[in-house]
Amino acid sequence: MKYLGSRLLKTNRLELRPQTMKEQYYLWQLIMNSEINQYYLTVPRKFRQKLKIWETQEQYYIEEMKHANDKDTFKWSIYLKDTNQCIGRITCHEAHDEDNQINDPSIRGVGWFIDPKYQGMGYATEAASKMIDYMFNECEIKEIKTSAAVKNPSSWMLMEKCGFIRKNETKLVEYTYLDETVENYQYYLTKEMYKRKTLFETIKTPEELFEFMEKNIKYGVIDKNGKYYDWNLDNFQEVCNHDWQFREGREIATIGIGHCWDQTELERTWFKQNNYKIKTIFIFFEHNTKYPYGCHTYLIYKNKNNDKWYWFEHADNQNKGIHEFKNEEEAILAQMKTHIEYNKSLGFPMNKEVISWIRIYEFLPPEKGVNNQGYLKNIFSKNSINITKEIVQYKNNQEKNFNSKRK
């Protein structure tokens, strides 16, 4: 990493300034506010009383300010541009400070707090986003590891807004001014993940989205411990069934890995954000047999300038691309045909009876964090519409019209 220190950082409304002694008494008063310190300070509890006495803390701050401009110090006081008012502090310290098993200084931890009078105005997000960008793009750190109390949603929601990925594990933390041990969510964000996140936010067209996915999204799953499983591994399906969890589209874009369920959610996120009319589709064979007929999810969208619909496909390697159709029914029928051919290519029986087992659902996303069974349960809930009859009827009508013209 590059040791560039606490350079002055500016946003639309804020300045992140290297710390000085003049604002430390105010910041100390904030830390002594129970609204802030209950889920912030992790100094051993035996120092509770000592921390509350400014006369005993002042010397500590004086010594700390001697290093405020050192190249290996990354601590800022947060100021409002318009009023020159200090409203909080933000830091990016070595992760070793919180986990002594991490000895790489390019792996960092983060922390911040805002005066309660200025909370709820987006200042923390604005400051954190700027600092994170500086640390990854200019200081070139490898990774940020952090955590937030489960009972403190304002903190972990901010982390997720900034792109941090929640692990499927928690740890117990002793906060200075809380008597009980607190369960904390664990979060991480790597330099590569941050680059994907910021690139995803710049995409302007469906073609750009497809190109982004081609370069950045692998087909696979991440298990509960953050381990990547490629689709061609023997235990891939077992991991999908037992260790997969539903993530939001931006998380998939950031992580860079997902199977068709995940990739469809990434696509949904972008298309909805850009005000396209879309439908997300789940197709499967309803009957249980000794043959593991596959299922698939995908997205179709309507052209903003005419009535044409497009099947956007990235997860299915054999049918990757953006396919144009005169209407949504044709798009769904085309995918159904490829789905039949795919299962047939696997050596599974395929006849009129088997084809009659096909079911097609238009669905909305489930709650974040649900497992495989929760995802399927959502498909068959009020969040979904069984459109099989409509598609089959459309297909039959098209065939009838075609045959009548031949006569």
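Guide: Glu 265 and Arg 268 sit three residues apart, about one turn of the helix, both within helix α11 (residues 260–273); helices (H or I, at least four residues) and strands (E, at least two) are DSSP runs, numbered from the N terminus. This is a predicted model, in which local features need pLDDT of at least 70, side-chain atom pairs count only at pLDDT 80 or more, and totals for chains, interfaces and linings use all residues. Residues are numbered from 1 along each chain as its sequence is written, and side-chain values use heavy atoms, with hydrogens and water left out.

Visitor: How far apart are the closest N and O atoms of Glu 265 and Arg 268?
Guide: A salt bridge needs a side-chain nitrogen of Lys or Arg within 4 Å of a carboxyl oxygen of Asp or Glu. Glu 265 and Arg 268 form one, with their closest N and O atoms at 3.0 Å.

Visitor: Are Glu 265 and Arg 268 buried or exposed?
Guide: Buried means under 20% relative accessible area, exposed over 50%, and partly exposed in between (1.4 Å probe, protein chains only). By that scale, Glu 265 and Arg 268 are both buried.

Visitor: How many residues apart in sequence are the parts that Glu 140 and Lys 2 tie together?
Guide: The side chains of Glu 140 and Lys 2 meet in a salt bridge of 3.4 Å, N to O. Glu 140 lies in the loop between α5 and β6 (143–149) and Lys 2 in the segment before β1 (9–10), so the parts tied together are 138 residues apart.

Visitor: Which strand holds Lys 279, the partner of Glu 362?
Guide: Glu 362 and Lys 279 form a salt bridge at 3.8 Å, N to O. This pair links distant parts of the chain, 83 residues apart: Glu 362 belongs to strand β15 (residues 358–363), and Lys 279 to strand β11 (residues 278–285).
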